[in-house]
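Here is a short report to read beside the model. Keep the sequence and the 3D view open as you go.

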Amino acid sequence: MTDAPPSFQLLPGAPDSPVLLHVPHSSRELPPDVRDGIVLDDEELARELDHITDSHTERIADLAAGAAATTPWRFVNRLSRLVVDPERFPDEREEMIAVGMGAVYTRTTHRAELRPAGLDARPLLDRYFEPYARAMTAAVADRLTTVGRAVIIDVHSYPTEPLPYELHGAGPRPPICLGTDRHHTPPALLAAARAAFRGFGGVGTDSPFAGTYVPLEHYGRDTRVSALMVEIRRDVYMKEPGGPAGPGLDALATALAELVDAAGNTD
């Protein structure tokens, strides 16, 4: 057993809302036994968490939920992505395995050792990744049953300057990057996001990060599930790396609320 906090939390929204705000990378928390398996000292770990955590994105989602005309549902990861990254493929389909950052990271953002070589990732996947995936799948299924559709909006952030782990860091780094999927991102949803975030100095698509999160049970199979990733460049709202939020946070929350309401009204 462990004294770890809950791994994730589903925060209910309006019964008739199809929108699910997904916040997977906002936490810095690691259960003590997971911390023990990481080779970094405390100072090195704090620095890594500064780089890898999407700081304040839970707050952005929280404020957006409160400002939206129809309250969205929220699914929030309560543990750091250094425990497991719930948005990675858990197998060889995941391209980030090439830099030691599959579902269970073995290397840092600067490609240094994070966990010992030869790690058996299965216990972490069984304990954290699989329950998270099942719960997210159930949350989407509930929206499909209740409303007839689901709209997943992933809330992320990314550093102004590329980090060594990035596989596609040479491309544009706009203030707002929208990650899309050819099966699950309808043109109307993408257009609504472009309109909502028009005031931040530029909106790009799929650079430096592409794609979006859809539970594997629905991925490529169920067009009732729409999805979009919102990647916010960190200098728009915070001091990097890992610093406090600034005035841009409230404006971003207002824009996200606009997107939530548009997504809720867009088939």
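## Two helices side by side

In helix 5, Leu189, Ala192, Ala193, Ala195 and Ala196 meet Ala255, Glu258, Leu259, Ala262 and Ala263 of helix 6. Here contact means heavy atoms within 4.5 Å. Helices (H or I, at least four residues) and strands (E, at least two) are DSSP runs, numbered from the N terminus. This is a predicted model, where local features need pLDDT of at least 70 and side-chain atom pairs count only at pLDDT 80 or more, while totals for chains, interfaces and linings use all residues. Residues are numbered from 1 along each chain as its sequence is written, and side-chain values use heavy atoms, with hydrogens and water left out.

The axes of helix 5 and helix 6 lie 9 Å apart, at an angle of about 155 degrees. Axes are lines fitted to C-alpha atoms, for helices over the stretch in contact, and angles run from 0 to 180 degrees between N-to-C directions. Helix 5 is therefore roughly antiparallel to helix 6 (angles over 145 degrees count as such).

## The nonpolar cores

The largest nonpolar core has 35 residues. Such a core is a set of buried Ala, Val, Leu, Ile, Met, Phe, Trp, Tyr and Cys residues joined through side-chain atoms within 4.5 Å. Buried means under 20% relative accessible area, with a 1.4 Å probe and protein chains only. Ile153, Phe197, Val230, Leu252, Leu256 and Leu259 have the most contacts inside this core. Helix 6 gives the most to the core: nine residues. A second, separate core has 28 residues, including Leu82, Val104, Leu114 and Tyr158.

In soluble globular proteins, nonpolar side chains tend to be buried together.

## An enclosed strand

Is strand 7 buried or exposed? Nine of its nine residues are buried, so strand 7 is largely enclosed by the rest of the structure. Val225, Ala227, Met229, Glu231 and Arg233 point one way, while Ser226, Leu228, Val230 and Ile232 point the other.

Strand 7 has two partners to look at. Strand 4 pairs with strand 7 in the parallel sense, over nine bridges. Strand 5 pairs with strand 7 in the antiparallel sense, over four bridges. Two strands pair if DSSP finds at least two bridges between them. Val230 stands opposite Val155, and Val230 is also the bridge partner of Leu178.

## A threonine in helix 4

Thr137 is found in helix 4, residues 122-147. Thr137 is buried, with a relative accessible area of 15%. Beyond its neighbours within four places in sequence, Thr137 is in contact with Pro215, Glu217 and His218.

Definitions and conventions. Buried means under 20% relative accessible area, exposed over 50%, partly exposed in between (1.4 Å probe, protein chains only). Angles under 35 degrees count as roughly parallel, over 145 as roughly antiparallel, 65 to 115 as roughly perpendicular and the rest as oblique.
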